[in-house]
Amino acid sequence: MSEEFKIEIVNPEKSFLSKEDVTEVIVPAFEGEMGILKDHISIISFLKPGIITIHAKSGEEKFYVEDGIVEFKNNNLSVLTSSIFNLKEIEKGKLQDLLKAAEEETNKPEINDQSKYLVDQKIEVLKSLN
Amino acid sequence: MASLDDLKKRITSVKSTQKITKAMKMVAAAKLKRAQESAEKGRPYSKKMNNIILNLSSGISDKESAPKLLSGTGKEKIYLCVVMTSDRGLCGGFNANIIKKAKSYFAKLDSEGKELKIITVGSKGKDQLKRVYGHKIIESISFKNSKNANYFDAEKVCKVIIEKFEKEEFDVCTIFYNQFKNVITQIPQAQQIIPLNTENNDENKSEDSYEFEPDEEEILSNLLPKNISTQIFKAMLENSASEQGARMSAMDNATRNAGEMVDKLTIQYNRSRQAAITKELIEIISGAESL
């Protein structure tokens, strides 16, 4: 029996990535990191800023996301996100820029608790990448 | 009858107009291809988003506690219409079609005694609506500076709408845009986005129950605003593809008309030239005869 399932990552502009030979995906879900294997129960969840790791037959890939939704159903994993970057392709400068923007945001006085939590998460992840 | 010089001048001016319309047609054709591509690429996202929302909302047990963006405010008094048009003219009936659709909707609302509020996106719509509905326009947004439709702009529009919704400034929100069918056909659309229309989509409903993390309501209340910006973004993409398509066919027509005009004027020019020559000959001959 094969242990593979399909993943599709879409952003508003285009279909970002589509793969059929995925064995495991680790997503930064809202309430903690979540590993998804084949025949996982149908689930919908949010993403917080973090790293999506895709283990596939053709190799391992890592992506940085800032937000999004994951849906898993019938061995199809869909990730909808508005900001995603392939860690291999992203430049150092871009990461610095994102970090800077996030740090500015967290220091704003009118920020509410939830978005502060998310921004702090973002900073942590970005720092670990730099 | 116009003199030869006048005719010559007119022919040159029509020819240069033709050159301009031809160039505009080519530019529109190139842009159309890009716009069409991005409209097609954007479809999976909005479709997926829609599916997830449908699955979620069919799973919600208690309609009463559902977020207001989904179920509405319970009243249907104030209608907000978001009219999305282009920022540039010279695109045939593109803007006029949207405005026509919107105006007939406004008239219907008026006859039902509902209150109307308008947000215009794109400056052409504002220009056309402000004459009759000027006092109803509460906000005008224009993206003259951004080259292509992008998600960031859509989010800006969405923010404005949601802010107004939270202040209870309206109950129902509808967006107007042109759906791109092909280069010569664009269909003006009215789409209700608040409260979300969940009925006519039975095919996508699944019987599976989902596990949610965090719970359904929190997901929904986070997802719905996103869905609105997605829908607006979709409308923007469709609109920009339609705009280029409409401009292309309008400019094609203009080029053809200019060509016909040049032909007609050239014939007229040649005839009067011939007439002048004949007249001169007659004068010479009759002059010679009288000697």
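**Talking through domains and cores**

Trainee: Where is A:Lys127 placed in chain A?

Mentor: A:Lys127 sits in helix 2 (residues 113-129) of chain A, where helices are DSSP runs of H or I with at least four residues, numbered from the N terminus. This is a predicted model, in which local features need pLDDT of at least 70, side-chain atom pairs count only at pLDDT 80 or more, and totals for chains, interfaces and linings use all residues. Residues are numbered from 1 along each chain as its sequence is written, and chains are lettered from A and ligands numbered from 1 in the order in which they are written.

Trainee: And is A:Lys127 buried or exposed?

Mentor: A:Lys127 counts as exposed because it has 12 C-beta neighbours inside 10 Å; with C-beta atoms placed from the backbone, 12 or fewer others within 10 Å means exposed, 20 or more means buried, and anything in between is partly exposed.

Trainee: How is chain A divided?

Mentor: Chain A has domain 1 (5-86) and domain 2 (92-129), with bounds from an automatic or database domain assignment. The C-alpha centres of these two domains of chain A lie 22 Å apart.

Trainee: Switching topic, which residues touch the most other members of the largest nonpolar core?

Mentor: Among its 82 residues, they are B:Val82, B:Val83, B:Met84, B:Phe176 and B:Ile232; a nonpolar core is a set of buried Ala, Val, Leu, Ile, Met, Phe, Trp, Tyr and Cys residues joined through C-beta atoms within 7 Å. Helix 6 (residues 216-290) of chain B gives the largest share of this core, 15 residues.

Trainee: What does the second core include?

Mentor: That separate core of 5 residues includes A:Leu98, A:Ala102, A:Val125 and A:Leu126.

Conventions
Helices (H or I, at least four residues) and strands (E, at least two) are DSSP runs, numbered from the N terminus.
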